[in-house]
Amino acid sequence: MQAHRILKRPIVTEKSSYQADMLGRYTFEVDLEANKHEIRQAVEEMFDVAVDDVNTMIMPGKPRRFGRRFGYTSMWKKAVVTLAPGESISFFEGV
């Protein structure tokens, strides 16, 4: 799979911003079919950094109402990527 198809978008929240600044962990929404090895290669290729660890989790869909009907949002996969000491992704700087 190509790197831009594996990494869908960065997750920017208070918690992910803190982890990026203090711990060197960056959070991405990734393709459901991608595994840890593919995610590691995609991050290293796209941002030219060394990756130490990749943690993944599947986020379940949440129940939502659409007028009178009930439905669910789509489930998605989240990856928390820990970079080697001294590495950072400039994309997240100043966010």
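## Exercises on a predicted model

Apart from neighbours within four places in sequence, Ile39 is in contact (heavy atoms within 4.5 Å) with Ile6, Val30, Ala34, Val54, Thr56, Ala79 and Val81. This is a predicted model, in which local features need pLDDT of at least 70 and side-chain atom pairs count only at pLDDT 80 or more, while totals for chains, interfaces and linings use all residues. Residues are numbered from 1 along each chain as its sequence is written, and side-chain values use heavy atoms, with hydrogens and water left out.

**Exercise 1.** State which residues have the most contacts inside the largest nonpolar core, and which elements supply at least two residues of this core.

*Solution.*
1. A nonpolar core is a set of buried Ala, Val, Leu, Ile, Met, Phe, Trp, Tyr and Cys residues joined through side-chain atoms within 4.5 Å; buried means under 20% relative accessible area, with a 1.4 Å probe and protein chains only.
2. The largest such core has 18 residues, and Phe28, Ile39, Val43, Val81 and Leu83 have the most contacts inside it.
3. At least two residues each come from helix H1 (3–6), strand S2 (25–30), helix H3 (36–47), S3 and S6. Helices (H or I, at least four residues) and strands (E, at least two) are DSSP runs, numbered from the N terminus.
4. In soluble globular proteins, nonpolar side chains tend to be buried together.

**Exercise 2.** Describe the largest pocket by its space, its lining and the classes of its lining residues.

*Solution.*
1. On a 1 Å grid over the protein atoms alone, a pocket is an open set of points where a 1.4 Å probe fits, with protein on both sides within 12 Å along at least five of seven lines; lining residues have an atom within 4 Å of a point.
2. The space in the largest pocket is about 170 Å³, a volume filled by probe spheres set on the points.
3. Its lining consists of Ile11, Thr13, Lys15, Ser16, Gln19, Thr27, Met57, Met59, Trp76, Lys78 and Val80.
4. Helix H2 (14–23), strand S3 (51–59) and strand S6 (76–83) are the elements that give two or more residues to this lining.
5. Five lining residues are nonpolar, four polar and two charged. Here Ala, Val, Leu, Ile, Met, Phe, Trp, Tyr, Cys and Pro count as nonpolar, Asp, Glu, Lys and Arg as charged, and the others, Gly among them, as polar.

**Exercise 3.** Decide whether Gln19 is buried or exposed, and list what it touches.

*Solution.*
1. Gln19 lies in helix H2.
2. Gln19 counts as buried because its relative accessibility is 14%.
3. Not counting residues up to four places away in sequence, Gln19 touches Gly24, Arg25, Thr27 and Val80.

Technical notes:
Buried means under 20% relative accessible area, exposed over 50%, partly exposed in between (1.4 Å probe, protein chains only).
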